[in-house]
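Open the model in your viewer and keep the sequence panel beside it. The tour below says what to select at each stop and what is there.

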Amino acid sequence: MALLKGRGAMTGVNLIAIVRKKGFRDGKSQYADIQLDARDPRGPHQTNLHLKSDRVRGEDGNVRYNHAAPYSSSQMEEITKAAGSNTEPVLDKDGNEVGTVYGFKGNVMPATRGTGLVVNTKSVEASEFEVDSKTLDNQLTSMRAARRAEAAAKESQAQAWAPETEWEQPAEVATDQPTVG
C-alpha cells in the first residue's frame, strides 16, 4: 500500500484508476484499483503504489493481493469526469479491451471501512500527467526499481554493521632478551 506521510502528503495527489469491465459490480458500486501515479513526486520511492493492498488466499490456496476498493456510481462519475479524455484502454494478452485506466488528481484519506486509502471524490480534478499505453508498465517498473533500491540499501547497511570475521594475527616480535612469564 502506498505510504503518504507528512503534512499535505495526501492532498493534490496524481492518481490512476484501473476499472475493469467485468465482475465486481453489485449494482450499487464499482470496484477500482486506484494507484499513486509513479510520476507524482511522492511516487518514485514507493515499493507499492496501490492505495489498497489486502493479502487474500484464493480457493486454490495461492496467496494473491486485492487492490480494488468499492466506489459508488456517483463517485465513479466524478472520477471519469475529472479524467476527461485522459484515459487509456486496458488490454488483455490477446489484445481485447478489458477495462480502462483513468488519470486524475485528488485528495486521499484513510478508509473508514476496510483497509488502505480512498479518494475523496469531492476533490478530484484533471491530472498533471497524461496516461498512455505505457502507463501501467511504468507503474510496475517504478515499483520494481524502488524494491531493488530498498534491498540494496538494506544490504549496504547490513554490510556496514557486520562484524569483521577475519582476525588479524598478532605480529611476532623478536626479542634478544628472555621474557619473564
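Select Y102 first, and show the residues around it. Y102 touches L15, I16, A17, V19, T80, A83, N86, T87 and V131, leaving out residues up to four places away in sequence; contact means heavy atoms within 4.5 Å. The place of Y102 is in strand β7, where helices (H or I, at least four residues) and strands (E, at least two) are DSSP runs, numbered from the N terminus. Because its relative accessible area is 16%, Y102 is buried; buried means under 20% relative accessible area, exposed over 50%, and partly exposed in between (1.4 Å probe, protein chains only). Now pick the C-alpha atoms of Y102 and A83: they are 5.8 Å apart in space, although the two residues are 19 apart in sequence.

A note on what is on screen: this is a predicted model, in which local features need pLDDT of at least 70 and side-chain atom pairs count only at pLDDT 80 or more, while totals for chains, interfaces and linings use all residues. Residues are numbered from 1 along each chain as its sequence is written, and side-chain values use heavy atoms, with hydrogens and water left out.

**The whole chain**

Zoom out and colour by secondary structure. The protein chain has 2 helices and 8 strands, and along the sequence they follow the pattern β-β-β-β-β-α-β-β-β-α. The chain has 181 residues, of which 35% are buried. Among contacts with a separation of 6 or more, 59% are between residues 24 or more positions apart.

T100 counts as buried because its relative accessibility is 17%. Beyond residues up to four places away in sequence, T100 touches A17, I18, V19, T87, E88, P89 and V90.

Next select N14, in strand β1 (residues 13-20). Is N14 buried or exposed? N14 counts as buried, because its relative accessibility is 1%. Show side chains here: those of N14 and D40 are joined by a polar contact of 2.9 Å. A polar contact is a pair of N or O atoms within 3.5 Å; within protein, one must be able to donate a hydrogen and the other to accept it, and residues adjacent in sequence count only if both atoms are side-chain atoms. Apart from residues up to four places away in sequence, the contacts of N14 include Q35, L36, F104 and F129.

**The cores**

Select L15, I34, L51, Y71, F104, V108 and V119. Of the 28 residues in the largest nonpolar core, these touch the most other members. A nonpolar core is a set of buried Ala, Val, Leu, Ile, Met, Phe, Trp, Tyr and Cys residues joined through side-chain atoms within 4.5 Å. Two or more residues of this core come from each of β1, β2, β5, α1 (73-83), β7 and β8. A second, separate core has 5 residues, including I16, V90, V101 and V131.

Go back to L51 on its own. Not counting residues up to four places away in sequence, L51 touches M1, A2, L15, I34, Q35, L36, V108, G116, L117 and V119.

**Two loops**

Select T115, in the loop between β7 and β8. T115 counts as partly exposed because its relative accessibility is 41%. Leaving aside residues up to four places away in sequence, T115 touches K52 and D54. The side chains of T115 and D54 are joined by a polar contact of 2.4 Å.

Then select D132, in the loop between β8 and α2 (135-161). With a relative accessible area of 38%, D132 is partly exposed. The side chain of D132 reaches the backbone nitrogen of K134 at 2.9 Å. From C-alpha to C-alpha, D132 and E88 are 5.8 Å apart in space and 44 residues apart in sequence.

**The largest pocket**

For the last stop, select P70, Q75, T112, R113 and V118. Of the 19 residues that line the largest pocket, these are the closest to its centre. Elements giving two or more residues to the lining are β2 (29-36), β5 (68-72), β7 (97-110) and β8 (117-126). A pocket, on a 1 Å grid over the protein atoms alone, is an open set of points where a 1.4 Å probe fits, with protein on both sides within 12 Å along at least five of seven lines; lining residues have an atom within 4 Å of a point.
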